[in-house]
Amino acid sequence: MEMDIYMGINEKIVLNILEELVKLNENEEFKKVCPDITAQEYLCAKVQPHIKPQRLVNILNLNIKRIRIDEVEIIAKALGIDISVLFKGL
């Protein structure tokens, strides 16, 4: 996926998070282990209490001024990926 050069840092990070959520939703092992739950619901449960559900929704909808580095790290850990994946394209 090619990212627009005019896209801000927040947008690029959120786009990478959303890309990882799509991969997780399509992962057969995830579907077996966590039936009847979406990747976004899974992420919401995994990042609590560090990131409140409404803050996560605001992050994913880009209804924020900025995403903090600690939030990016928490999200990466919850998704089981290296934090560098979320900074891809910066």
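The secondary structure of this protein chain, seen here in a predicted model, comes to six helices and zero strands.

| Property of the protein chain | Value |
|---|---|
| Box filled by the C-alpha atoms, along the principal axes | roughly 40 × 30 × 20 Å |
| Buried residues | 36% of the 90 residues |
| Contacts joining residues at least 24 apart, among those between residues at least 6 apart in sequence | 49% |

Now let us look at one pair of helices. Two packed helices are described by the angle between their axes and the distance between the axes. Helix H1 covers residues 9–26 and helix H5 covers residues 69–79; they pack at an angle of about 15 degrees, and their axes lie 11 Å apart. Angles under 35 degrees count as roughly parallel, and H1 and H5 are therefore roughly parallel to each other. The crossing in which H1 passes H5 is left-handed.

Which residues make the contact? From H1 come Ile13, Ile17, Glu20, Leu21 and Leu24, while H5 brings Val72, Ile75 and Leu79. By kind, the residues of this contact of H1 with H5 divide into seven nonpolar, one charged and no polar.

Terms used:
Residues are numbered from 1 along each chain as its sequence is written. This is a predicted model: local features need pLDDT of at least 70, side-chain atom pairs count only at pLDDT 80 or more; totals for chains, interfaces and linings use all residues. Side-chain values use heavy atoms; hydrogens and water are left out. Axes are lines fitted to C-alpha atoms, for helices over the stretch in contact, and angles run from 0 to 180 degrees between N-to-C directions. Helices (H or I, at least four residues) and strands (E, at least two) are DSSP runs, numbered from the N terminus. Angles under 35 degrees count as roughly parallel, over 145 as roughly antiparallel, 65 to 115 as roughly perpendicular and the rest as oblique. A crossing is left-handed if the near helix is turned anticlockwise from the far one by less than a right angle, and right-handed if clockwise. Contact means heavy atoms within 4.5 Å. Ala, Val, Leu, Ile, Met, Phe, Trp, Tyr, Cys and Pro count as nonpolar, Asp, Glu, Lys and Arg as charged, and the others, Gly among them, as polar. Buried means under 20% relative accessible area, exposed over 50%, partly exposed in between (1.4 Å probe, protein chains only).
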